Amino acid sequence: MISLHRHWHLATIFPLLAVLAVVLQLVACSHKEGRAEVRVLTDRTESHLENLFKYYEQERPVKIAVNYVGDSLLTRLKTRPKEADLVVVKNADLLEIAKQKKLLRPFNSQRALGNVPLPFRDRERAYAITSFRARAIFYAKDRVSVKDLRSYSDLMLPKWKGRVCIRSGFHEYNVSWLSQMAVSKGLDQTEKFITGLADNLARPPKGADRDQVRALLEKRCDVAVANSYYMGVMRLRDDQKPWAEASDVFFPDQSGLGTYVIRSGAALTTASKNLKAATEVLDFLTDAFAQHYFSEALFEYPVKPGTPLAPINAELGKRQGIEGGAYKINLVSLKEAAKYRDKIIEILARVNFDRK
Ligand SMILES: [Fe+2]
């Protein structure tokens, strides 16, 4: 497996790019032009994006000013819509909402259109999906077999009573997952599922996705809901490697509608002072280099056809008969999912999902 560090080690092109950057700067100065600035607003993890943007700044005479805002992204965009040229999100449901609130400007770029297949972009070009991950079931390898697992809906069966771990129901990942379920299965079925899942929890929801996988190792629960890419992420960290090794990833509903995915994406805002430069950063996120980075370094699934999966992702699902990591995806319309978002949050509150 290629590690993150080796991956960047391999990029010995960096010194050359630095030289190139200096040359480009000199050219820019000789034309008496400053570096164009692209202002990015994001809720993505800083360590996940900063290398990528640094690379871009070395490659192009552009400064990327990133504002990492965490969970307040949508509020921020609503209250200060002129603050950013480009938004980059970990859950594209937020882009759909931003689109409906008329906070986004359609992109007009043949490069992005060529890189991102139709199912991964908004039909009116308001946003593009840049990568995604499965909302998967992790299971304790020593206590659970793939034969015990089938569908998400099984998690409400009596056999899983007191054996399931999950983070707060109100976290973006779970709200997105359950909103998509409402589109696929209907709101009544989804409410039944939420209630049944809450009744089967081993403990009140707490921590982040990786904490649920850690709880498998600590025998606090036997199955956990978490995003697939954490398997790769945990394997790279010495302290978290044992969590990864005690568990495996199961892709639910492979004989049904498929596994739900959480999509990351990017969009231009209505502010975009520097439309050309901002569009080029959006293009860059869909181009081969960034797509390779999302896949290889972050263990996400790339959207650009032909981008290879990280070796670890190509192995995921083997025990359930999935070849080459190619699992069946239930790619629910984000427009449809957005209609259920508030209702899902209302149900989670009503059943006191977080047991607070
Ligand atoms: Fe995450």
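Modeller: Ser168 sits in the loop that runs between strand E6 (164-165) and H7. Please keep in mind throughout that this is a predicted model.

Colleague: Is Ser168 buried, partly exposed or exposed?

Modeller: Around Ser168 there are 18 other C-beta atoms within 10 Å. A buried residue would need 20 or more and an exposed one 12 or fewer, so with its 18 Ser168 counts as partly exposed.

Colleague: Leaving aside its neighbours within four places in sequence, which residues is Ser168 in contact with?

Modeller: Ala208 is 40 residues away from Ser168 in sequence, and the C-alpha to C-alpha separation of the two is 8.1 Å. Contact, however, is judged on C-beta atoms within 7 Å. Once the neighbours within four places in sequence are set aside, the contacts of Ser168 are Pro205 and Asp354.

Colleague: Are helix H7 and helix H8 roughly parallel, roughly perpendicular or oblique to each other?

Modeller: The axes of helix H7 (residues 172-185) and helix H8 (residues 187-200) come within 7 Å and cross at roughly 135°, and the crossing in which H7 passes H8 is right-handed. Roughly perpendicular covers 65 to 115 degrees, and roughly antiparallel begins over 145. H7 and H8 are therefore oblique.

Colleague: How many residues of the contact of H7 with H8 are nonpolar, polar and charged?

Modeller: On the H7 side the contact is made by Leu178, Met181, Ala182 and Lys185, which meet Leu187, Gln189, Thr190, Phe193 and Ile194 of H8. Divided by type, the residues of this contact are 6 nonpolar, 2 polar and 1 charged.

Colleague: Which helix gives the most to the side of domain 1 that touches domain 2?

Modeller: The domain assignment of the protein chain places 4-131 + 266-308 in domain 1 and 133-260 + 312-350 in domain 2, with C-alpha centres 29 Å apart. Across the boundary, 12 residues of domain 1 are in contact with 18 residues of domain 2. On the domain 1 side, 4 residues come from the helix that gives the most, H5 (residues 93-100).

Colleague: How many residues of H5 are buried?

Modeller: The buried residues of H5 are Asp93, Leu94, Leu95, Glu96, Ala98 and Lys99, and what covers them includes helix H4 (73-79), strand E3 (86-89), H7 and helix H15 (334-350). H5 is thus mostly covered, the number of buried residues among its 8 being 6.

Key
Residues numbered from 1 in each chain as written. Predicted model: local features only at pLDDT ≥ 70, side-chain atom pairs only at ≥ 80, totals over all residues. Domains from an automatic or database assignment. Contact = placed C-beta atoms within 7 Å. Helix = DSSP H or I, 4+ residues; strand = E, 2+ residues; numbered from the N terminus. Axes fitted to C-alpha atoms, helices over the stretch in contact; angles between N-to-C directions. Parallel < 35°, antiparallel > 145°, perpendicular 65-115°, else oblique. Left-handed = near helix turned anticlockwise from the far one by under 90°. Nonpolar A, V, L, I, M, F, W, Y, C, P; charged D, E, K, R; others polar.
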